[in-house]
Amino acid sequence: MKKNVRHTIIIPVYNEEAVINETYRRLTRVMESTGEPYELLFVNDGSRDRTAELIEGFAESDGCVKLLDFSRNFGHQIAITAGMDYARGEAIVIIDADLQDPPELIPLMIDKWKEGYEVVYAQRSKRKGETLFKKWTAAMFYRTLRALTEVNIPLDTGDFRLIDRKVCDAMRSVREKNRFVRGLVSWVGFRSTAIEYVREERFAGETKYPLKKMLRFSLDGITSFSHKPLKLATYLGFVISFASFIYLVVSVAQRLFNIGVVAGWSPLVACLLLLDGVVLIILGILGEYVGRIYDETKNRPLYILRNKQEVEEAKPEIEVICGVL
Ligand code: UDP
Ligand code: MG
């Protein structure tokens, strides 16, 4: 079985006991229909429910099921990265466990891959069953990211995509800590195409992306691929200095000609507070980048596995040559 795996499906899971049976059933049905050898690589991201136990149950009767078991919750993007480290297929598909990404699209992705595309991403034409807030914040996020970053990250795509072995190996060679997988895929390049789909409602259970995680995720996306927020300080500095200069000239003129002189402190205090706010925001932005530099220098492993002995890491077949000019 070792060398034979043609397709690997990576499924990050975090507290998904409510859906995992159905996910396994639908993925197996779809993958069997391809008639080619495959593996379902579940990455358990420190679930506190029975998710891991259920997956072990599938693995007992089905040799196509593999489980990577994290020692704690390391996050969705790290779970995908671990999946890539251990995937043995020639084509690798990343899919969410909650069936919002329909597994039935996988054969279409495989067809595109066989046509010669190295990245086939699924683009959401519609999102069902998500709150207006989530849809709106997601739309804003993708557009801001596009405006701020130099890498061409396609709009409205999640991590549901197929990547070729070459792309997987190239991404594995990039070991930055605050990972934003969909940005990295665009960054490594290769020939890509899209297929459109309607994003379904979650089959069961609740979203594992509360607002706090969503914010962290967006910050990772922007700071990993753009320095533009750092330049904000310079632009704002210029605008504010110019405005204060005009204000100064006007105040001096008012004093000299004794017209409309405003008594009291309020405008002054308001201006000072405004400036303080701006300075704090800029310090915050600097802090975000400095924190990330600190994470990189600590050079900790991205994740820790509970069951390291049972699963074998994939060795890159093609050496990816990363040159620095
Ligand atoms: N997930 C994970 N670790 C986390 C959060 C989420 O592995 O810390 C998995 C989760 O089990 C699911 C996928 O990532 O398979 C996407 O999560 P979810 O569906 O909750 O996000 P949403 O679709 O609401 O953005
Ligand atoms: Mg979901």
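Of the 40 residues in the largest nonpolar core of this predicted model, F70, M84, I163, M171 and Y303 touch the most other members. A nonpolar core here is a set of buried Ala, Val, Leu, Ile, Met, Phe, Trp, Tyr and Cys residues joined through side-chain atoms within 4.5 Å; buried means under 20% relative accessible area, exposed over 50%, and partly exposed in between, with a 1.4 Å probe and protein chains only. Two or more residues each are given to this core by β2 (38-44), α3 (76-86), β4 (91-94), β5 (119-127), α5 (132-148), α6 (165-172), α7 (181-188) and α8 (211-225). Helices (H or I, at least four residues) and strands (E, at least two) are DSSP runs, numbered from the N terminus.

**Conventions**

- The model is predicted: local features need pLDDT of at least 70, side-chain atom pairs count only at pLDDT 80 or more, and totals for chains, interfaces and linings use all residues.
- Residues are numbered from 1 along each chain as its sequence is written, chains are lettered from A and ligands numbered from 1 in the order in which they are written, and side-chain values use heavy atoms, with hydrogens and water left out.

- A second, separate core has 32 residues, among them L27, I95, I106 and I195.
- Helix α3 is mostly covered, with eleven of its eleven residues buried.
- These buried residues of α3 are H76, Q77, I78, A79, I80, T81, A82, G83, M84, D85 and Y86.
- Not counting residues up to four places away in sequence, F70 touches V43, N44, D45, G46, I78, A79, A82, Y303, I304, L305 and R306, where contact means heavy atoms within 4.5 Å.

**Q77 in helix α3**

- Q77 belongs to helix α3 and counts as buried because its relative accessibility is 6%.
- The side chain of Q77 reaches the backbone nitrogen of V181 at 2.7 Å.
- Beyond its neighbours within four places in sequence, Q77 is in contact with D159, R179, F180, V181, R182, Y209 and F217.
- Q77 and F217 are 140 residues apart along the chain, yet their C-alpha atoms are separated by 9.0 Å.

**E39 in strand β2**

- E39 has its place in strand β2 and counts as buried because its relative accessibility is 1%.
- The side chain of E39 makes a polar contact with the side chain of T8 at 2.8 Å. A polar contact is a pair of N or O atoms within 3.5 Å; within protein, one must be able to donate a hydrogen and the other to accept it, and residues adjacent in sequence count only if both atoms are side-chain atoms.
- A polar atom of the E39 side chain also lies 2.9 Å from the backbone nitrogen of R88.
- Leaving aside neighbours within four places in sequence, E39 is in contact with V5, H7, T8, I9, C64, K66, Y86, A87, R88 and G89.
- E39 and L145 are 106 residues apart in sequence and 33 Å apart in space, C-alpha to C-alpha.

**Ligand 1**

- Of the 19 residues around ligand 1, E16, D45, D98, T207 and K208 come nearest; a residue is near a molecule if one of its heavy atoms lies within 4 Å of it.
- The shell around ligand 1 divides into five nonpolar, five polar and nine charged residues. Ala, Val, Leu, Ile, Met, Phe, Trp, Tyr, Cys and Pro count as nonpolar, Asp, Glu, Lys and Arg as charged, and the others, Gly among them, as polar.
- An oxygen atom of ligand 1 is 2.7 Å from an N or O atom in the side chain of Q100, and an oxygen atom of the ligand is 3.2 Å from an N or O atom in the side chain of N73.
- A polar backbone atom of Y14 is 2.9 Å from an oxygen atom of ligand 1.
- Taken alone, ligand 1 exposes 530 Å², and the protein buries 95% of that; accessible areas come from the Shrake-Rupley method with a 1.4 Å probe, and for residues only the protein chains shown count as cover.

**The chain as a whole**

- The chain has ten helices and seven strands, and 45% of its 325 residues count as buried.
- Among contacts between residues at least 6 apart in sequence, 84% join residues at least 24 apart.
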